[in-house]
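Trainee: I would like to learn how to read a model of this kind. Please take me through it one feature at a time.

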Amino acid sequence: MERPELSRTINLDSKSMKSLNDAICLGLEKAATIHEAETRGRLVILPPHENNPYDGLKVKYRVYKARNGEPVENCFVLRPDKDMAARMAIRRYAECTENRQLAADLEMWVDEMLEVCAFREAAEDDVKEQHYE
């Protein structure tokens, strides 16, 4: 039985060739990350497609340890600068932790953030008022 011909020549311009090379490298990088995680017994969650309409829990951030750049798995990022629920969650964490210094630092951080948010909202209100006058 004869084998079908598996190779053929494709002519690509340099831009297309770079795009293809980038895609292959990205795929290899993801494969290497998954393989490394599996050998170390870690879980890697790859991000969903950017246009995913799902509003629930999904990967939006990559987190790495500051000390050595190692990825941190199974964590959730809060954005207290943009989200009141995040500020409330941080305050609740401060109430529950046994680390009193961390609790004090978190409370002060959220208080400072609330001041910044109040200043930003007041400035936005001023701009709106000037626009309507």
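Mentor: Buried means under 20% relative accessible area, exposed over 50%, and partly exposed in between, with a 1.4 Å probe and protein chains only. Before going on, note that this is a predicted model, where local features need pLDDT of at least 70, side-chain atom pairs count only at pLDDT 80 or more, and totals for chains, interfaces and linings use all residues. Residues are numbered from 1 along each chain as its sequence is written, and side-chain values use heavy atoms, with hydrogens and water left out.

Trainee: What is the mean pLDDT of the chain?

Mentor: pLDDT is the predictor's confidence in each residue, from 0 to 100. Here the chain has a mean of 77, and 65% of its residues reach 70 or more. Confidence is lowest in α1, with a mean of 71, and highest in α2, at 95. Helices (H or I, at least four residues) and strands (E, at least two) are DSSP runs, numbered from the N terminus.

Trainee: How many salt bridges does the structure hold?

Mentor: A salt bridge is a side-chain nitrogen of Lys or Arg within 4 Å of a carboxyl oxygen of Asp or Glu. The structure holds 5 of them. One joins D111 to R91, with the closest N and O atoms 2.5 Å apart. That pair links distant parts of the chain, since D111 lies in helix α3 (residues 100-132) and R91 in helix α2, 20 residues apart. D111 has 37% relative accessibility, so it counts as partly exposed.

Trainee: Which residues are linked with R91 in a network of salt bridges?

Mentor: The network links R91 with E107 and D111.

Trainee: Which residue forms a salt bridge with D81?

Mentor: The partner of D81 is R79, and their closest N and O atoms are 2.7 Å apart. D81 is partly exposed because its relative accessibility is 26%; R79 is partly exposed too, at 29%. Another salt bridge joins E70 and K65, with the closest N and O atoms 3.8 Å apart. E70 has a relative accessible area of 30% and is therefore partly exposed, and K65 is partly exposed at 32%.

Trainee: Where is V59 placed?

Mentor: V59 sits in the loop between α1 (14-40) and α2 (84-96). With 26% relative accessibility, V59 counts as partly exposed. Sequence and space can be read together here: V59 and V77 are 18 residues apart in sequence and 9.5 Å apart in space, from C-alpha to C-alpha.
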